[in-house]
Amino acid sequence: MRADISAAFSREAGADRVVPPSGFTVQLTLFSAAAMAFLAVFALALSLAAGRLADRWGDELARSATLRISAPAEEMPRQTARALEILSTTPGVAEARALSDSEQRGLLEPWFGPDLPLDQLPVPQLIEIAEGPERLDAAGLRLRLQAEVPGAVFDDHARWREPLLAAAGGLRWLGAAALLLIAGAMAAMVTLAANAALAANAQVIAVLRLVGATDAYIAGAFVRRFTLRALMGAAAGTGLGVLAVTLMPDTGDTGGVLTGLGFEGAGWLWPLAVPSLAALVALVATRAAARRVLEDLA
Amino acid sequence: MIEFDQVAYSYGGGELLSELSLSLPPASFHFLTGPSGAGKTTLLKLCYGALLPTAGQVRLFDRDVTRIGRDGVALARRRIGVVHQDCQFLDHLSVAENVALPLTVAGEANAAMESDLSELLTWVGLTDRAHALPPELSGGERQRAALARAVIMSPDVILADEPTGNVDWDMSQRLLRLLIELNRMGKTVMIATHDLSLIRAAKAHVQARVLRISNRRLQLAGADL
């Protein structure tokens with residue numbers, strides 16, 4: 001008997017024990033928290049990957065430009081040399097280099113195969129431009145080239161960089177919006193589960209009130225129960241989500257936003273916050289539900 | 001301790017109790033009787049704040065029950081032990097845990113109270129049933145466990161609603177003796193019952209005031225008891 005009495009006074013028998021441990025709301029809360037955390041990890045990974053991609057595209061493309069010279073074969077060396085001269089004196093250009101035939105062949109090879117007779121085709125000459133820290137005046141450069149190298153077309157990549165950056169930025173916001181929706185859906189599910197648990201335990205609440213429990217005590221018992229369940233479920237879901245993201249195939253530099261899903265550096269801290277945030281959502285949702293139900297039962 | 005001043009209680013458009021004036025002084029013993037449906041349970045619920053009067057004033061320990069809020073009522077209930085006929089328990093907790101529940105709720109459960117709980121279970125004869133779950137108890141055992149729970153906080157007032165309704169004569173006498181013993185310890189006791197033989201048996205051992213609810217009103221019972 002002493003063991004039973006000790007149990008009656010142990011911490012186990014405290015406020016958390018007054019709520020019956022079983023019931024479908026246990027599984028419901030655990031499952032929804034785990035599922036939502038799993039999805040949240042993917043939304044986070046998507047958002048972070050989109051952010052990284054946007055940064056990388058922005059950095060890489062903003063620092064480089066291409067000059068394309070289309071001219072008759074006999075004119076090509078002269079126009080190329082003149083273009084390089086102009087570029088060497090243009091502020092904002094750190095380096096300008098004409099691509100060799102083999103480099104140009106390499107660029108075309110994926111489309112035309114390895115046996116491309118480059119010398120027999122009117123392939124334009126490409127000049128790769130690396131931009132320096134100083135701002136490059138693209139409009140001014142175009143005017144100079146138009147006057148002195150009529151076959152040159154300057155491409156600062158802005159035409160296709162901007163929509164890509166906008167798309168990546170959109171994906172980033174989409175991920176953030178998905179996170180908010182996930183948090184809202186989880187709050188709704190926990191609220192439903194808490195409502196069901198409170199309603200199913202009306203008798204328990206009546207007994208607790210009979211022996212002098214305040215509303216804060218009763219609500220606290222349910223809030224702790226649901227918060228703990230949400231924390232446990234979310235921790236499991238986060239673990240599985242991180243594992244799944246880690247197992248996604250890594251295609252290295254060639255990867256896009258989908259194949260580049262994952263966490264890097266400080267980004268690993270974000271999924272660690274998911275269980276705590278899920279518990280916080282559960283805490284707020286259960287507290288609101290408990291107040292409402294206790295008011296109704298009174 | 002508990003005072004009623006011209007209290008009325010209505011429910012569903014009908015008045016169940018009206019013009020009730022009552023005082024439960026310290027260390028007094030009361031029986032509340034009347035036919036089934038007369039309003040005994042309603043009156044007891046008004047005594048511990050489970051119901052609020054629709055007219056008049058109920059004072060619990062000198063405080064108007066309508067002005068202290070639900071938390072105030074909860075705190076007042078820690079000074080009022082209640083024994084119900086249907087003995088509500090938390091079925092997932094053991095008898096010992098249920099009996100200790102008021103202490104747990106009040107945040108007063110600690111190792112130092114273990115001996116008190118042990119003594120209490122011995123007093124009600126449930127030492128061997130401490131580990132049992134409430135559904136495993138007989139009617140009498142449930143009533144005794146409910147009584148132990150009602151007194152573990154050493155309340156000033158004990159309210160019992162048909163405490164002998166589900167037990168045999170011997171057990172009802174045993175419960176009555178426990179309640180009389182508590183009264184001798186200075187507790188105010190009020191027992192709602194329609195069992196007149198219980199009242200007669202008690203009056204041989206304790207000076208009790210017998211109140212009867214009749215036609216929604218409270219009156220002192222006559223010499224027929």
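Author: What follows takes a few labels in turn and sets each against its cut-off. Keep in mind that this is a predicted model.

Reader: Why is Leu231(A) called partly exposed?

Author: Its relative accessibility is 34%. Buried means under 20% and exposed means over 50%, with partly exposed in between. The value 34% falls between those limits, so Leu231(A) counts as partly exposed. Leu231(A) lies in helix α8 of chain A, residues 215-247.

Reader: What makes β9(B) and β10(B) a pair, and in which sense do they run?

Author: Four bridges link β9(B) to strand β10 of chain B, residues 217-220. At least two are needed, so this pair qualifies. The sense is antiparallel. Ile213(B) stands opposite Leu218(B) in β10(B). The two strands form a hairpin with two residues between them. In the turn, Asn215(B) has a positive phi of about 50°.

Reader: Why are β2(B) and β5(B) called edge strands?

Author: The open sheet has four strands, in the order β2-β1-β4-β5 of chain B, with antiparallel pairing. Strands β2 (14-24) and β5 (63-64) each pair on one side only.

Reader: How do you know that β1(B) pairs with β2(B)?

Author: Seven bridges join β2(B) to strand β1 of chain B, residues 2-11. The cut-off is at least two, so the strands pair. Glu3(B) has Ser23(B) in β2(B) as its bridge partner.

Reader: Which parts of chain B are its domains, and how many residues of each are in contact?

Author: Domain 1 of chain B is 1-79 + 155-225, and domain 2 is 86-154. Contact means heavy atoms within 4.5 Å. In chain B, 16 residues of domain 1 are in contact with 14 residues of domain 2. The domain centres, taken over C-alpha atoms, are separated by 23 Å.

Reader: Where are the domains of chain A?

Author: Domain 1 of chain A spans 2-58 + 162-297, and domain 2 spans 71-150. Their C-alpha centres lie 56 Å apart.

How values were computed:
Residues numbered from 1 in each chain as written. Chains lettered and ligands numbered in written order. Predicted model: local features only at pLDDT ≥ 70, side-chain atom pairs only at ≥ 80, totals over all residues. Heavy atoms only, no water. Buried < 20%, exposed > 50% of the residue type's maximum accessible area, 1.4 Å probe, protein only. Domains from an automatic or database assignment.
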